[in-house]
Structures are given as C-alpha cells and as structure tokens.
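Subject: Structure for you to look at

Hello,

Here is the structure I said I would pass on. Please look through it first, then read the notes below it.

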Amino acid sequence: MRLNIQLFAVPFHRVSKTRKRMRRAHMALTATGTVTCPNCKAAIRPHRVCPKCGFYKGKEEVAMKEAE
Ligand SMILES: [Zn+2]
C-alpha cells in the first residue's frame, strides 16, 4: 500500500520576534514617483502617455474617448 503523504520543510527553530521584525524591516513598499502632465496638470507616472488627456511629450496624442 502506498501512502500518499507530502513532506514539507519544517523550521528547526522558532523565529524570534526580533528576527521576524528584522526580516520584515525590508518589506516596506514605497510610493511610485509621479510627474505633472504638462498638458492637463494631472499627476501621472513618468515616461507614459497621460491617461487623462492622452498627451505625450506635449504633442503626440492618443485619441481619448469623450468622458461625459
Ligand atoms: Zn494630461
């Protein structure tokens, strides 16, 4: 008879509060940088077509749907 048992890695020692907190000290997320759209002044991510007005580098335009 074959036993259908999965074996997992088991921690040898309990991780202390300090060790856990030291590890998680590097897990914080940072806010993404934003620039101001020169056309509509919205805060947008850099090097991307503006999602609000469709402008990039002042003139290249992506046609936007009329938001009514
Ligand atoms: Zn814009």
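The protein has 1 helix and 4 strands, and from the N terminus on these elements run α-β-β-β-β. Helices (H or I, at least four residues) and strands (E, at least two) are DSSP runs, numbered from the N terminus. Residues are numbered from 1 along each chain, as its sequence is written. The model is predicted, so local features need pLDDT of at least 70 and side-chain atom pairs count only at pLDDT 80 or more, while totals for chains, interfaces and linings use all residues.

Confidence

The mean pLDDT of the protein is 86, and 94% of its residues reach 70 or more; pLDDT is the predictor's confidence in each residue, from 0 to 100. Helix 1 (residues 17-24) has the highest confidence, at 96, and strand 4 has the lowest, at a mean of 72. Where pLDDT is low, the predicted coordinates should not be read in detail.

Overall shape

The radius of gyration of the protein is 25 Å, whereas a compact globule of 68 residues would have one near 11 Å. This radius is taken over C-alpha atoms, and the globule rule is 2.2 Å times the number of residues to the power 0.38. Along its principal axes, the C-alpha trace spans about 70 × 40 × 25 Å.

Of the 68 residues, 3% count as buried. A residue is buried if 20 or more other C-beta atoms lie within 10 Å of its own, exposed if 12 or fewer, and partly exposed in between, with C-beta atoms placed from the backbone. Among contacts with a separation of 6 or more, residues 24 or more positions apart account for 0%. Two residues are in contact if their C-beta atoms, placed from the backbone, lie within 7 Å.

Two residues with positive phi

Most residues other than glycine have a negative phi. Lys-41 is not a glycine, yet its phi is positive, near 65 degrees. Lys-41 sits in the loop between strand 1 (35-36) and strand 2 (43-44). Lys-41 is exposed because it has 11 other C-beta atoms within 10 Å.

His-47, also not a glycine, has a positive phi of about 65 degrees. The loop between strand 2 and strand 3 (55-56) holds His-47. With 7 other C-beta atoms within 10 Å, His-47 is exposed.

Gly-54

The loop between strand 2 and strand 3 also contains Gly-54. Is Gly-54 buried, exposed or partly exposed? It has 15 other C-beta atoms within 10 Å, so Gly-54 is partly exposed. Leaving aside neighbours within four places in sequence, Gly-54 is in contact with Val-49, Glu-61, Val-62, Ala-63 and Met-64.

Towards the two ends

Asn-4 is in the segment before helix 1. Asn-4 counts as exposed because it has 5 C-beta neighbours inside 10 Å. The C-alpha atoms of Asn-4 and Lys-41, 37 residues apart along the chain, are 62 Å from each other.

Lys-65 is in the segment after strand 4 (60-61). Lys-65 is exposed, with 6 other C-beta atoms within 10 Å. Between the C-alpha atoms of Lys-65 and Pro-46, 19 residues apart along the chain, there are 22 Å.

Regards
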